[in-house]
Amino acid sequence: MANETNNIATEQWSEVLVQALPYFKQWCGKVVVVKYGGNAMLNEELKQAVMEDIVLLNTIGIKVVLVHGGGPEINHMLERVGKESKFVDGLRYTDEETMEIVQMVLTGKLNKDIVGILLQKGGKAVGLSGVDSGLLRAVKTEKDLGFVGEVTEVNPEIISSLLDKGFIPVVSTVALGEDGDTARYNINADTAAAKIAVALHAEKFVQLTNVPGILRNIDDPTTLIKRIERTAIGSLKATGVIAGGMIPKIDCCETALKGGVPRTHIIDGRVPHSLLIEMFSDRGIGTMIY
């Protein structure tokens, strides 16, 4: 970063700061929920850049909540212990033994690794799971996938309390069952992040992904759609522009929008500091659904 800065003329650097200042003021004190996963989580250099972004946002007074997944790490651990994966219609079935590994990886190793990096970068971070303080309640999915759940309730008091004290809550998406159900459930991190954003009345919900955003032609990055109004989502699905793995991500954006979150974003986590580009520049990055 220092070398990059040295290559920018003083006039250009001052212009960058002047352009960013209104955004600092706009977002200070606001809640931003970031769903973190994909390549940004696997690539060490990208991971460091994301954490630097999060700490910077927190330092200037933006209330950031980081919600993370961990599919690849879970797969790796299952392979290490020799646990064979079972699938139902292409979806992983999570039996009791697999759920123990999911909980161990998500709430243990991954969550604490992220918290540790944030602390090393100078941030104030606290790791949580959906079980803590009853943050997330869930029931089994309609399709029987074992201990895979759908969020029925978000109790955000613990997150709000941490945000008010200047902490960065880092949330792993393991949920507790509803009253009387002591089971733990594995929750889709995108879905959980969207529902947390709604419960916190967030100003932004950002998903870091492995693609540039919504493309009219999936093979042509220059066809990026920068802004999509919520009312246009149906036609984009009907014409196949939104298809495959992008559908559930868009559905999460819709969940957040319907719940009152004004802006949702799908941005490329493979681009270093993509979060800062989105937050503090006119051009933004990726696709905004509003």
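**Salt bridges and nonpolar cores**

Let me begin with one side chain: Lys-63 is partly exposed, with a relative accessible area of 25%. Please keep in mind throughout that we are looking at a predicted model.

What does Lys-63 pair with in a salt bridge? Its partner is Asp-164, and the N to O distance between the two side chains is 3.1 Å. Because Lys-63 belongs to strand S2, residues 63-68, while Asp-164 belongs to helix H7, residues 157-164, this pair ties together parts of the structure that are 101 residues apart in sequence. Asp-164, for its part, is exposed, at a relative accessible area of 59%.

In general terms, side chains of opposite charge can pair when their charged atoms come close.

Let me turn to another pair, Lys-35 and Asp-190, whose closest N and O atoms are 3.5 Å apart in a salt bridge. Here Lys-35 sits in strand S1, residues 31-36, and Asp-190 in helix H8, residues 189-199, so the two tie together parts that are 155 residues apart in sequence. Are these two residues buried or exposed? Both Lys-35 and Asp-190 are buried. They also take part in a network of salt bridges, in which Lys-35, Asp-190 and Lys-249 are linked.

A further salt bridge joins Asp-251 to Lys-237, with an N to O distance of 2.6 Å. Since Asp-251 lies in helix H10, residues 246-258, and Lys-237 in helix H9, residues 233-238, the pair ties together parts that are 14 residues apart in sequence. Asp-251 is partly exposed, with a relative accessible area of 29%, and for Lys-237, also partly exposed, the value is 29%.

Now to the nonpolar side chains, which in soluble globular proteins tend to be buried together. The largest nonpolar core in this model has 32 residues, and those with the most contacts inside it are Val-34, Tyr-36, Ile-54, Leu-118 and Phe-280. If we leave aside residues up to four places away in sequence, Tyr-36 touches a set of residues that includes Met-41, Val-50, Met-51, Leu-66, Ile-114 and Leu-208, and also Lys-47 and His-68.

How values were computed:
Residues numbered from 1 in each chain as written. Predicted model: local features only at pLDDT ≥ 70, side-chain atom pairs only at ≥ 80, totals over all residues. Heavy atoms only, no water. Salt bridge = Lys/Arg side-chain N within 4 Å of Asp/Glu carboxyl O. Helix = DSSP H or I, 4+ residues; strand = E, 2+ residues; numbered from the N terminus. Buried < 20%, exposed > 50% of the residue type's maximum accessible area, 1.4 Å probe, protein only. Core = buried A, V, L, I, M, F, W, Y, C linked by side-chain atoms within 4.5 Å. Contact = heavy atoms within 4.5 Å.
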